[in-house]
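Dear colleague,

Please find the structure below, followed by a short account of what was found in it.

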Amino acid sequence: MSFVKSENRTFLANASFLAVMQAANSFLPLLTVPFLVRVLGVELFGQLAFVTAVMYYFFVLSDYGFNLTATRDISINRSDINKVNEIYTCVFFIKAALIGVSFVILMIGFLIFPTFIENWPLYLCSFFVIVGQSLFPTWFFQGMEKMKYITYLSVSAKIFFTLGIFVLVAGPEDYLLVPILTALGFFFSASYALYLIHYQHGVSFVIVPRTLVRKNIIDGWYVFLSQMKITLFSSTNVVILGIMIGPVAVGYYVAAEKIMRALALAQTPITGSLFPLIANKMVKNKKLAIKKLKNIAYLGGAFYLFVLGVGYFLSDYVISLLYGDDLQESAWVLKVMLIIPLLIFLNNIFGTQILLNTGREKPFFYVLLLAAILSLVLCFSLTSLYSYQGTAIALLITEVFVVLAFFVLVYKDWVHA
């Protein structure tokens, strides 16, 4: 009984710290985005959003699914410092190598795509945001269930970025300061996080056999591909919209998407803290772990339905309050997107928490592969017909497909728990 209470206290503590971090990640941008729309204009804001979407491919590549696989491995082996050292070494150097690969791909992009070379300062500054973000070892602290460290570091970086935006960005000519300030915040927090890992947790780099490196690459392969597929029906929508219609349409779409993502990210304190806990519970008692997930799914689903229902009726007012009359077209997009946070929450429960924690990476991957194909077909066709409104509809249909497919895969586990 005392163990259960201790486990719940740890979960609640980690969830609380993640809640603080997610509040900074979600709501501080809601302060800066309306400011940037007004100061930079809709078109330049859309250009920034387009480049950010392109850069996200590099983040997914350099992360390689370690946010899930490394978190799980650290959680399972955290009492064995030798295994922790090996996991940490493998993950760190694989990520560093993938950052190098990403930079080479970016250089090739400068040679192939005229728009890249025309806006090379923006792409290059934005790439350093990805470097700092990739080096930040969230996976380690989540696996160790020591979320207070990354909370302090992440919130500090976000506050630094937010204050810098308001103080230093005065007009369109200052647009490069947006990625520069973001990158500086990530580099500071990543550097201090690595210091804590080495000197407070006693973790060090060790020589690891090639077989272990190969194992980490193989274990992360399907998760990486799955994450890339997720990117295909999130960031790729923005890229397709920008190429087909232009930056102004991107501005309308992203303005609404930022609000939707803020609501979706509200779940992260629960799901992020839950993943290492469920990873351990699945090994000991699978039915008990799924029963716990069912309770969380019902409570979270009811909460989201209430919040999103209220949000639907306030959409026009919220868009007008945040962005002004120039982006009133975003209100329709927001109404379409409002159900997506609930779908993302259920996708995490069925897919990440159950499928990945029961070793079913392949079906997880294939669902997202089909979803990516569906998303591309819908996005190209609907965007060409209905501009940014069609892009929003394509995203909604794709998310509905994913939640239904994941539920079919876990149905037997779900009903028998």
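Is W414 buried or exposed? At 7% relative accessibility, W414 counts as buried (buried means under 20% relative accessible area, exposed over 50%, partly exposed in between, with a 1.4 Å probe and protein chains only).

This is a predicted model, in which local features need pLDDT of at least 70 and side-chain atom pairs count only at pLDDT 80 or more, while totals for chains, interfaces and linings use all residues. Residues are numbered from 1 along each chain as its sequence is written, and side-chain values use heavy atoms, with hydrogens and water left out.

The chain has 18 helices and zero strands (DSSP runs numbered from the N terminus: helices are H or I of at least four residues, strands E of at least two). Of its 417 residues, 55% are buried.

The structure holds 27 aromatic pairs (rings of Phe, Tyr and Trp, the last by its six-membered ring, with centres within 6.5 Å; planes under 30 degrees apart are stacked, over 60 edge-to-face, the rest tilted). Y298 and W414 form an edge-to-face pair, because their ring centres are 6.4 Å apart and their planes stand at 80°. Since Y298 belongs to helix α14 (residues 286-313) and W414 to helix α18 (residues 361-415), this pair ties together parts 116 residues apart in sequence.

A tilted pair joins Y304 and F345, at 5.9 Å centre to centre and 55° between the planes. Y304 is in helix α14 and F345 in helix α17 (residues 340-355), so the pair connects parts 41 residues apart in sequence. Y304 is buried at 5% relative accessibility, and F345 is buried at 3%.

Yours sincerely
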